Amino acid sequence: MQEIGVGIIGTGFMGKTHALAYRAVAGVFPESLRPKLVAVADIDEDAAKRAAAQFGFARASSDWKSLVTDPAVEVVSITTPNRVHKEQALAAIAAGKHVHCEKPIAPRAADAKIMMEAAEAAGVVTQVGFNYIKNPILGLARSMIVAGELGDIVSFRGIHAEDYMADADVPYNWRVDPSGGGGAIADIGSHIIGMSRFLLGPIVEVIADLRTVVGSRPVSPGAAERRKVEVDDIGRAIVRFERGCSGSIEANWVALGRKMQLGFEVTGTKGTLVFSQERLNELHFYRAGANPREAGFVRIEAGPQHAPYGNFIVAPGHQLGFNELKTIEVADFLRAIAGGEQKGPDFREAWEIQKIIDTAIQSSKERRWLAVS
Ligand SMILES: NC(=O)c1ccc[n+]([C@@H]2O[C@H](COP(=O)([O-])OP(=O)(O)OC[C@H]3O[C@@H](n4cnc5c(N)ncnc54)[C@H](O)[C@@H]3O)[C@@H](O)[C@H]2O)c1
C-alpha cells in the first residue's frame, strides 16, 4: 500500500475530525493510499504539540508555512477559521500540494474563484469538507432522483438549524467576524446549499432575508464589554433551480433545542424523500399511488447495500456516524489523488456554493430577486 504524507493545519473541532479520518481511511478502504501523519500546525503551539502526541504526527509547530513547504507533506488539510483558508490554500497550491480545505473555503466567491483557478492551473486535487453529502443514504436519495423514481421534481425544502449561537453570551469569535464572510448563511447554510445542489443541480435565482438576532456579544468569555455583531444569525432564501422547480433554504444557528437539523424534503410528481442528519441512517420515502389504506412514508434504513456503508460495518442498521462521513470524504480525495474518479466536492463546487451565499447576502441587502452570476 503506497504511503502519502499528510499535514493538518488547525487542531480544533475539524482538525481532530480530519486526523481521525486520515488515520482510519486505509483500514476501512483497503485500496486507499495509506496516509502518514507527517506534520500538524496550529497558531497555538501547545495545541499542535498535544495533537501530535495524540494522533502520532511526526512534527508539530505554530508555523503553518513550514508545514506547506515540508517536502514530506503531499496533502495539506486546512481546518482553520474561514478568513485564513485562502492564504493557506494558495501557499499549499504554490508548493504543489493537494489541498483538503474546510467549508466555506473563503469569505467571498471572488476569493474562492482565485483559489479554484490556482488549484486548476497547478493541477493539484482539491477536496472541500461538505462531509454530509458523503452519507451513503444521500447517495441513494440522489440516485432515486436521477432515476426518476420521484417523477418530475416540484419542490425542495431545506434547512440547517442548530443552536450553538443562541446564547447571547457566547463570545464574539471568528464565526461572527465579517472578515470571514457571512454568518449562519455561510457557516451552516453552505452545507444545505451544497446538499441541494448535490440532489437537484444548479440554483439560478435567489431572494433572501438575513437577520441578526443577537446584536452584540461579549468581546471575550465573561466580559462586560460587548462588540456589535454584523453578520446574520438566521438566513432564509427562496431559490429557483435550473431544472425549473423552486425551493426554500433556511440557515439558523439560534434555533434553540436544535443540535443538527440538517435536512430536506424533496417532492416530485411520483413521491417525496425526507432526510434529517439527526437520524442520518434513515431516508423516508413516500410513493404516490399506493392504496390509501396503507399509504404513507416508508423508512429506509442504511445498510451494506448502500455503498460504502459495508466498508465500515457488515450488518445493516448498526449505523454510521459523523466521523465515518469524513472518512468517506478522505477516501474519495485520496482515490482522486491516486488517479481515480474525482467525486469532489472540489474548489470549483465550493466556488459555485459560495456564489449562492454571496447572492443571498446581496439579495437581502437589496430586498429583491437576484440571478446567481
Ligand atoms: N465540515 C463540517 O462539518 C464542519 C464542522 C465544523 C466546522 N467546520 C469548518 O472547519 C473550519 C474550522 O472550524 P472548527 O470548528 O474546527 O474551529 P475551531 O475554532 O474549533 O478550530 C480552529 C483551529 O485553528 C487554529 N487556528 C486559528 N487561526 C490559525 C492560523 N492562522 N494558523 C493556524 N492555526 C490557526 C485554532 O487555534 C484552532 O485550533 C471552519 O472553516 C469551519 O467552517 C466544518
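Leu 138, Gly 139, Ala 141, Arg 142 and Ile 145 of helix H6 are in contact (heavy atoms within 4.5 Å) with Met 195, Phe 198, Leu 199 and Leu 200 of helix H8. By class, this contact comprises 7 nonpolar residues, 1 polar and 1 charged; Ala, Val, Leu, Ile, Met, Phe, Trp, Tyr, Cys and Pro count as nonpolar, Asp, Glu, Lys and Arg as charged, and the others, Gly among them, as polar. The model is predicted: local features need pLDDT of at least 70 and side-chain atom pairs count only at pLDDT 80 or more, whereas totals for chains, interfaces and linings use all residues. Residues are numbered from 1 along each chain as its sequence is written, and side-chain values use heavy atoms, with hydrogens and water left out.

| Helix pair | Axes come within | Crossing angle |
|---|---|---|
| H6 (residues 136-146) and H8 (residues 189-200) | 8 Å | roughly 45 degrees |
| H5 (residues 109-122) and H11 (residues 347-366) | 9 Å | roughly 170 degrees |

Helices (H or I, at least four residues) are DSSP runs, numbered from the N terminus. Axes are lines fitted to C-alpha atoms over the stretch in contact, and angles run from 0 to 180 degrees between N-to-C directions. Angles under 35 degrees count as roughly parallel, over 145 as roughly antiparallel, 65 to 115 as roughly perpendicular and the rest as oblique. H6 and H8 are therefore oblique to each other, and H5 and H11 roughly antiparallel. On the H5 side, the residues in contact with H11 include Ala 109, Met 116 and Glu 120.

Definitions and conventions
Helix = DSSP H or I, 4+ residues; strand = E, 2+ residues; numbered from the N terminus.
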